Amino acid sequence: MNRLTAIGLASLVAYGLLIATKYTGVVSAAREDHAASPDSNSVQVGSSSGVHALAGEPRQSTFASLPAPVPQANPSRLGGIALEFRKARDLKAFADGLAARASELRGDERYYLAKALEECLFATTVNEDLAAYSAKQKKQFLAGLTVGDANNERRIAAYEAADSTQRCLGFQNAKLSQKDIDALYSAAAQQGDPRAQARIITAELSKSVGKPSGDPAGPTGPVRFPQDDFAALVGLLQSRDPEAMMYVGQFLAQSAVSQNLRVGPNGEVPEPSALLGAFTLVACDVGQDCTTAAMNRDLLQACAYGGYCNAQTFEDMYQDFLASPWVYSQAMRYRAMIHSAIDQQNWGLIGITPKLMQATAK
């Protein structure tokens with residue numbers, strides 16, 4: 001339950017990052033888009049992997065250089081390149097197909113190329129045969145099932161659908177780097193992809209929070225960032241892209257941030273897990289795929305690892321399996337606040353206003 005709660009409350013966006021953190025290693029390819037600065041250098045990377053593209057220098061700084069997020073014509077995760085990524089059983093073939101036309105890729109295609117490569121990071125560092133490793137992992141999973149449990153067949157199917165090892169077999173001997181993946185995300189961000197921008201912006205902001213301030217108790221006032229940072233967060237929320245919103249939610253729900261936020265009309269301190277749950281629910285509201293069990297990793301993992309296989313939506317799972325009644329009720333309140341903040345451009349409802357955006361890291 002503890003493991004599942006941690007995974008379940010993470011967004012689909014964060015899943016690839018969790019896999020990367022767990023296994024380490026990497027694969028990738030990237031290029032700056034046609035509007036990149038002329039001093040970016042072009043090199044071929046990943047010759048041993050079969051994934052070829054042009055790599056540009058990753059950006060050193062972030063917010064001022066990024067264009068406004070490009071609104072998604074259809075933010076639903078049930079179509080387009082996002083669906084291709086999720087349905088792909090061979091991520092090597094998926095990545096090769098995109099990299100073969102590197103100079104023509106849209107921002108969203110670069111983003112999902114990076115996600116595919118990042119999901120398969122671990123494949124480059126598994127010393128044994130990857131198929132044998134996958135079989136051993138599945139054997140361990142099967143050994144943990146209760147004999148005679150009526151849910152076993154569904155749990156096994158969910159495990160297989162969520163198993164990255166099978167999707168990553170083609171990357172067994174690949175030799176690429178995290179730097180290349182970061183460059184690919186950077187190139188997607190330069191093309192205005194809101195998800196890539198959200199990943200970069202929130203990662204940069206996270207570096208400036210939770211640092212020692214000389215006070216063992218940490219900061220006690222509202223979270224403060226520079227004006228540019230405020231504009232960046234607001235722009236991501238205004239994009240109404242579900243995954244971009246989830247990145248913002250994960251950032252705001254960090255304990256170092258959430259304990260200093262003041263949300264709602266009465267300026268209350270939010271409960272972190274409820275705040276993250278609320279952003280996940282809002283992402284579902286605005287287009288995230290939260291109802292298709294065969295595609296939603298949260299639902300798949302709840303079934304595979306927790307034996308909770310009856311949820312029809314993420315909200316069902318969150319209410320009945322992940323959250324306590326009190327946390328769920330708080331999440332529902334925060335969910336309404338987030339929608340109001342976006343609809344009314346009233347960012348103070350979720351604790352981010354120009355007055356508060358002044359750096360805390362000393």
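**Figure 1. The left-handed link of Cys-284 and Cys-290 in the predicted model**. The angle about the S-S bond is -85°, which gives this link its left-handed label. The sulfur atoms of Cys-284 and Cys-290 lie 2.0 Å apart. Cys-284 has a relative accessible area of 19%. Because buried means under 20%, Cys-284 still counts as buried. Cys-290 is also buried, at 6% relative accessibility.

**Figure 2. The disulfide between Cys-120 and Cys-168**. The S to S distance in this pair is 2.0 Å. Cys-120 sits in the loop that runs between helix 5 (107–119) and helix 6 (130–143), while Cys-168 sits in the loop between helix 8 (164–167) and helix 9 (178–190), so the bond ties together parts of the chain 48 residues apart in sequence. Cys-120 is buried, with 0% relative accessibility. For Cys-168 the relative accessible area is 0%, and this residue is buried as well.

**Figure 3. The right-handed link of Cys-303 and Cys-309**. The two residues are joined by a disulfide with an S to S distance of 2.0 Å. The angle about the S-S bond is 85°, and the link is right-handed. Both Cys-303 and Cys-309 are buried.

**Figure 4. Disulfide pattern of the protein**. The structure contains 3 disulfides. With the bonded cysteines counted along the chain, the pairing reads 1-2, 3-4, 5-6.

Definitions and conventions. Residues numbered from 1 in each chain as written. Predicted model: local features only at pLDDT ≥ 70, side-chain atom pairs only at ≥ 80, totals over all residues. Heavy atoms only, no water. Disulfide = S-S within 2.5 Å. Helix = DSSP H or I, 4+ residues; strand = E, 2+ residues; numbered from the N terminus. Buried < 20%, exposed > 50% of the residue type's maximum accessible area, 1.4 Å probe, protein only.
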